[in-house]
Each structure stands twice: as structure tokens, then as C-alpha cells.
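Subject: Structure for you to look at

Hello,

Here is the structure I promised to pass on. Please open it first, then read my notes below alongside it.

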Amino acid sequence: MQEIKKDYKPLIVAFCCNWCSYAGADLAGSSRLSYPAEVKIIRVPCSCRVNPTFILKAFQRGADGVIICGCHPGDCHYTSGNYFARRRMSLLFSMLDYLGIERERTRVEWVSAAEGAKFSAVMNDFAKTVTELGENKRLEDLRCKN
Amino acid sequence: MQKLNELALEKAKTLLANGTVARVLGWKKGELGYDLEPAVFYSESDLEGFIYNAFSGANLSKYLIEESKKEGKVLVFLKPCDSYSFNQLVKEHRIVKENVYTVGIECQGKLDVKKLKEKGIEIVDGVIENVDDVTVISLGKEYNFVKEEVLLGKCSVCEKHLLSYDEVISLHDKRTPKLDRFEIVKKLEAMTADERYAFWKGELSKCIRCNACRNVCPACNCLKCVFDNDASGIASKANSDSFEEKLFHIIRAFHVAGRCTDCGECSRVCPQAIPLHLLNRKFISDINRLYGEFQAGEDDVTKGPLTAYTTGDAEPSEVFGGNK
Amino acid sequence: MKKISCENLSKLYSEIASLQELYLPVKESGVTNYKKYENGAEVDIKTLKTVKSAKDFFFPQTEDMMEFKVNGKNIEINDARKVANPFVIFGVRACDLKSFDILDKVFLQEPVDTMYKAKREASTIITLACNNPEQTCFCKTFGIDASNPAGDISAIIVNGEMLFEAKTEKGAELLNKLTCLEDAGDTDADAERAEIVKKSENLPFANLNLDEFKGENLMKLFDRPEWAELSKACLGCGTCTFVCPTCQCFDIRDFITNEGVRRFRCWDSCMYSEFTKMAAENPRKTQLQRYRQRFMHKLVYFPQNNDGVYGCVGCGRCVQKCPQNLNIIKVIKKLGGKNND
């Protein structure tokens, strides 16, 4: 494991679905629940809008962790989008693991519009995990590093 | 085995002569005995160049995307592995099935020229093929090999059977493979993440982005590839950074996941001998483990695993098969 | 002439590497390519043809040119070209050496390509004769002698010893510094060279007929109907162009970094559908046209513009590597003229 700088703050990209998780993030905000400023939220219409390329590109551009948040299974605004996302992300994460990339760098969480507290807890926990892992070295693009 | 060539040639001549088909998609003789190329034959005199032998490894099904849209029927010879690709392409509405006359042809595994070269064979004057061994004649000498030593990687583990055909040319039962196709995937999964990372870094860093794997792949049939499309934001012609090697191969493997029939063409054609099929086989093994056994191309109607779901699917956090 | 026993070659490599950076064919992950020499590297001088040719040293697959950085309202432009330090390439075969001459005609003509020139001047080339030319070799068709390549230093293996002969001042300078070499005395390579010449002569494609490939036949060749059949199986991948020692087309592209833009050039392939893409139109729409372009360039256009020098050195890499076994030999046999069978 690489040495972690003392004041190291990871960069985290969170893809949040418009209908549940993004609203969950809103609720976390209006309920004054905190989550790390390093988490950058990208709103997507549905978790299944997240193409594997988006995740890899986030890593290329300097992300140290990527999390995808969507409606709970069964609650998708488009009926079944998150079920497809679940299969895709399962296979993609397993592939990244197969290539030797740390499996803790990617995560999927289901967060509803009513779960502001869960959103905050998830982000805090993910940020902590990624901080412990340190900088993303295995999926980095050196041209984006200086 | 030599009889197969005669039977195939006879079949092609007959069907051309009686007007059932307008042209024949097959393999053409080369200059060195092993360098067969896929070719279209229009007449009996064209067919003088036709050959089906131990070097007919190339999968012809992708050429049907174009050929099946032309006027008149095309006769195609499909080996077992090719017949899966054919089905898959029909399923994806890329081949006009009505315009294709398919003849399934027996295959006992095709030879790998690279492996022969390592054994000192640079030119082939003739091949005597048996089910489990093969004799190669080169510059007046005879060399005998157990099949496993010289087969293409894809052939040494092949369990496929002829699926889709109007007629079939077959004289022997298909040989059963002596190796397990997931063996190396399992080995890699059992490694630590650091070891796996080192393995793939060594392999993928060889990539010269010639796109041979993509262009030969029957599942890679997009009209415009995202890596060629300047508007996609990930178009690239070369790997300027090691990230781009991974990006290209992960995305390519992912895009064919659930559609890849494991025909092994990607690894056959890679000039740098990158075992690209190991990426596809990882997806296949994960799909089998998580969503039930699935073989792409087994028929031309069933939905693929990535266009289907069940409400009880595993969560992404619990899918990791291998070692951490 | 100097010599060293082949068993002691690693001593030679270490000594050269202590003076300058040394690149030589190394086997890694199952394939042999030119790599920087490091202790313990699996040097492979048996394989005649590295997968990628030696052109990479002067014309690498990707190369940074400049960098634009945005600083408030200012754009800063930085030179991103790397300084070329002196380096030695060991084990260059006659065909690859000849390819440097062909590349020189392209890159060293006015306006001179400075990135290419700098690396060309920084190099010292040690060539190696091919004791056992392969069946796919046809350098002889292009008048290349596999037994006696020049370079700065020429090397040949004779009876388990490697003999060296300086061919330029730069080569002599390096050779004199090497203490692990002993004087060759009266050992000479003439018999071995004669043997190689004989072997090359007997290869199946040693004497292909190129008579038809001349400027006055340009239109006739261009319109030959056989191109359809020859190009039928072409996948449009770039394997042939990327393993080719003489292909020299490149693209200039921008990569948007987090702070600005990095402009680099990278190899391009005339086999790619996007190769001729322009604002209004793509003039080569079919694979037949692209395929024809590649071979017409090597066999007709290039010699027409360069005093009859063909753009092919007969290394045979494309013959080995084309996924569907299309290659220049098939083209020459079909269109080159009489007695090619």
C-alpha cells in the first residue's frame, strides 16, 4: 500500500440519479447533514445512464473513487433502469478487480429521496474508505496529473 | 480430413451451378501453405483457389454483414465456432438470414501459425490432419504434433457444436477438448490484486492500437466505433498514456459482454500476442456465475444477459469472484 | 575487426549500456521488441523480426510536440519536444537499416522534421547480419544484402563469435571504447556472408518481378480490377502499417489535460476509414481504395518521387502479422509482371 500524505483529500465523483439520490442529496443539505466537500455530484437521469466510459473517464481526469447512486431496486422512475445498471456495474467492477484495480474505489448505493441521512452517511463512509486507499495510481492518466 | 475440402468444393460448385447461390464465401489458398485468406468466389473457375484445411481458422461470419445485403444468395461455410457468431449477428439484425445459404462444416481445431513457427516451421507444403494429432510437411520434412501443441488457443478449449446450417458436411464426431477454457481466468482470479495488475500491465502495455481485435470481432459491428468518433470524447489513434490501453480494452470487452461468443478471433489476430480473450472470458465466467449459464449465439432469439434482469440479482458489492 | 564470444554478449551489453543508453531486441510477455537494456533482460537476437520495427527510435508511435497552458487570461505555449540523448541500437537487420534511408527521404527533406533529425543524429546503429533468413523474408527483391548491412558498426555471428567492424567514425569511436572486445586477428566473415547470400537467393520470394511498378503504368495499375479481389478480406485494421518499418504517416492531435492542451503526433494508418476524413468529404470511402493506396504508395508513387527507391524493404512483417493473410507479396505477384509464380 502506498504511503498516504497527511493532509491528503481524495477526489470523489458521485453519479446520482435525478429522481431519488439527487433528491436525497438535496434533503441531506436542507437537513444540514454534512458530507465531504471532495464529493462532486453529477446528476444523471437514471443510474442506468451511467456508461462504463463515464466511470473510467472520471478516473482518468483525477478521481480517486467513483460512486453510483440510484433509486432502490423496484423504485426506479423508469421502472427498470436500476436493474440494468446493477448488472452492468456488477460486471464492470468485477472486471476492474480482475485487472488489479482496488475494488473499494468503486461502489453502488441505492439512496431514495427520503434518505438524506443515508446519503450523508454513505458519502462520509466512501470518502473515508478512499482516503485510506490513497491516490488512484492504477487508473490514472499522467497527462492529467500536473 | 482432406476429404472435407473435396466435399466442400463439390458442394460449392453444385450450388453455384444450379443457381441456388450467386457466390460463395470461403477461404482461398495463399503463398506459404498456411496463409489462407477469406474470399468470395463467383464462378467455378474462381473456386480453383478454394481450400478448406487446418489453416481455415478465420471466422467468416462478419463478412456476411456486407455479403448478405447484396443481390442474390451467398453460400457460406461455417465451422462450429462461426455458427455461433452467425446466430448472434442474425439476432442483432446485422445479417439478412434469408440471403444466406449456410453449410456447416466439420472442424477438429485449426492450427496456429505462430506456434508452428516456434517449432521451426516457416513454410507448409502439406498437412495430414487426424482427430488428435497432425503431421505438417515442410521443406521435405515431416513433423508430427499432438494437437494441443499447435492448435489455436481458441480451438484447444473449443466445446462448440454446429448450430445453424442448411446443410452439413461432417465425417467424424467432434473431438472433445482436453483443456478447460476458464482455467487461466481462474488462475488470475486466484492471484492477488497486485499480481493481476502486474500481469495486465505487462500484457496491455504491448498494445499498438492497430484495432485488429476490434475489426475482426463479429460482435464489434457498430457502424461507427466510439474510439473512431471525434465527438465521443474518447476517440484516439494511439496509446499516449497507459490509461488509454486499459480504457480501450475494458470498454471494448464490456461492449461485447453478453454478445461475445468466445470465438477467439481477437487473440488469434493480435500482432503482439496479447491474450485478449481472457478479458472476454472473465465476463462470460461472471455472467455464468451470477446470472446463470449463458452462451451467446446459441440461438438467434434469446435476450442477452445485459439486456435482461431479475429482481433478485446480486449487488455490485458482492460479486467479486476472485482473490482480493 | 574486433570480436567477442557469443557466450559473453551480456558483458558487451553491460559495457555499452554503461556508456550510453542501449536498446536491443528483448523478449517480454512472449513477444520480441526493442527495449532499453537492463540487467537481466531476456535479450533475443535469434528472432529476426521484432514485432514493431526499429523505426520507433526515430519516429515513435506517439510524440509530444507542444503544450498550451491556460493561466487566467493568458495562454502559455511550451515546447514539449524531448531532448534526444545519445543512444545505441543493437541488432538492426539489413531490412530495417534500409528503412531508415527511406524514412530519411521523407523526414529529412526540406522542411526538415526536427524531432526526427535530432533522434537520428543521436543514434549509433549496430547492425547484425541475418545468419538464417526466414521464408517470409524478401529483402533481396529490393536489392538488400542481408549478409552485410552497414550502419555505424556492422556485426555478424561466425562460429559462435560475434565480429564487429566499424563503418563510420562514430562507430569506430564507440568500438574503441569497448574493452570487452578482443582483436579479431585473421578471423573473417567472408565464408559466412557467402553462405547467407546463397540462402537468401533460395528463398521463395527472393526474386519477385517488380517490372510493372513504374510511373508510366500508374493509371493502368490504379484501374486494375484485381484490387477488388486483393482487398476483399481486408479488415481495415492498422496492423500492417504499424509493424511496417517504412510506413510514415502520422496524425497531429490535441489532448485536453486538466489545465490546457497537449499537442502530440501519433502514427496513423491509411487503412483506417478516418484517415482521409476532411471537413467536407472523405475521398477514400471504401476499403478497396484504402488498400490500393497503401500498395500504390509503396510500389509506384514513392519510387516515382524518390529516384526509383521502393517504399518496401521486404522484411516480411506484414506477411506474418496480417490477421487475414493479405500482404504485399500477393499484390506484387498479381500485378508486378511476368514470372511471378
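I137(B) stands opposite E142(B), a residue of strand β7(B). Find that pair, and you have a way into this part of the predicted model. The strands β6(B) and β7(B), the latter covering residues 141–146, pair antiparallel. Their pairing runs over 6 bridges. The two strands form a hairpin, with 2 residues between them. Look at L139(B) in that turn: its phi is positive, at about 45°.

Now turn to the other neighbour. Strand β5(B), residues 126–129, is joined to β6(B) by 4 bridges. These strands run antiparallel as well. They also form a hairpin, this one with 3 residues between the strands. Here I137(B) turns up again, as the bridge partner of G126(B).

Which residues of β6(B) lie on its covered face, and which on its uncovered one? V134(B), V136(B) and S138(B) make up the covered face of this strand, residues 133–138. The uncovered face has D133(B), T135(B) and I137(B).

**Chain B as a whole**

Chain B has 12 helices and 8 strands. Its C-alpha trace spans about 60 × 45 × 40 Å along the principal axes. The radius of gyration is 20 Å, which agrees with the value near 20 Å for a compact globule of 324 residues. Of those 324 residues, 50% count as buried. Take the contacts between residues at least 6 apart in sequence: 70% of them join residues at least 24 apart.

The chain is divided into two parts. Domain 1 of chain B takes in 2–111 + 159–169, and domain 2 takes in 183–318. Their C-alpha centres lie 27 Å apart. The two domains touch, through 15 residues from domain 1 of chain B and 14 residues from domain 2 of chain B. On the domain 1 side, helix α3(B), residues 80–91, gives the most, with 8 residues. That side has 6 nonpolar, 6 polar and 3 charged residues.

**Where chain B meets chain A**

How many residues of chain B are in contact with chain A? There are 34, and they touch 34 residues of chain A. On the chain B side, the elements that give two or more residues are α7 (183–190), α8 (193–204), α10 (242–256) and α12 (277–291) of chain B. Of these, α10(B) gives the most, with 6 residues. By class, the chain B side divides into 19 nonpolar, 5 polar and 10 charged residues.

**Chain A**

Chain A has 4 helices and 4 strands. Read from the N terminus, the elements follow the order β-α-β-α-β-α-β-α. The radius of gyration is 15 Å, close to the 15 Å that the globule rule gives for 146 residues, so chain A is as compact as a globular protein of that length. Its C-alpha atoms fill a box of roughly 40 × 35 × 25 Å along the principal axes. Of the 146 residues, 55% count as buried. Among contacts in chain A with a separation of 6 or more, 82% are between residues 24 or more positions apart.

Chain A also touches chain C. In that contact, 4 residues of chain A meet 4 residues of chain C. The chain A side has 1 nonpolar, 1 polar and 2 charged residues.

**Strands in chain C**

Start with β12(C), residues 260–267. It is joined to β4(C), residues 62–71, by 7 bridges, and the two strands run antiparallel. One pair to find is F68(C) with its bridge partner V261(C) in β12(C). Strand β11(C), residues 250–256, also pairs with β12(C) in the antiparallel sense, over 7 bridges. There, F250(C) has W267(C) as its bridge partner. A hairpin through 3 residues joins β11(C) to β12(C).

**Confidence**

Two last checks. The average pLDDT of chain C is 94, and 100% of its residues score at least 70. The model scores ipTM 0.93 and pTM 0.94.

Best wishes

How values were computed: Residues numbered from 1 in each chain as written. Chains lettered and ligands numbered in written order. Predicted model: local features only at pLDDT ≥ 70, side-chain atom pairs only at ≥ 80, totals over all residues. Contact = placed C-beta atoms within 7 Å. Nonpolar A, V, L, I, M, F, W, Y, C, P; charged D, E, K, R; others polar. Rg over C-alpha atoms; globule rule 2.2 N^0.38 Å. Buried ≥ 20, exposed ≤ 12 C-beta atoms within 10 Å, placed from the backbone. Pairing = 2+ DSSP bridges. pLDDT = per-residue confidence, 0-100. Domains from an automatic or database assignment.
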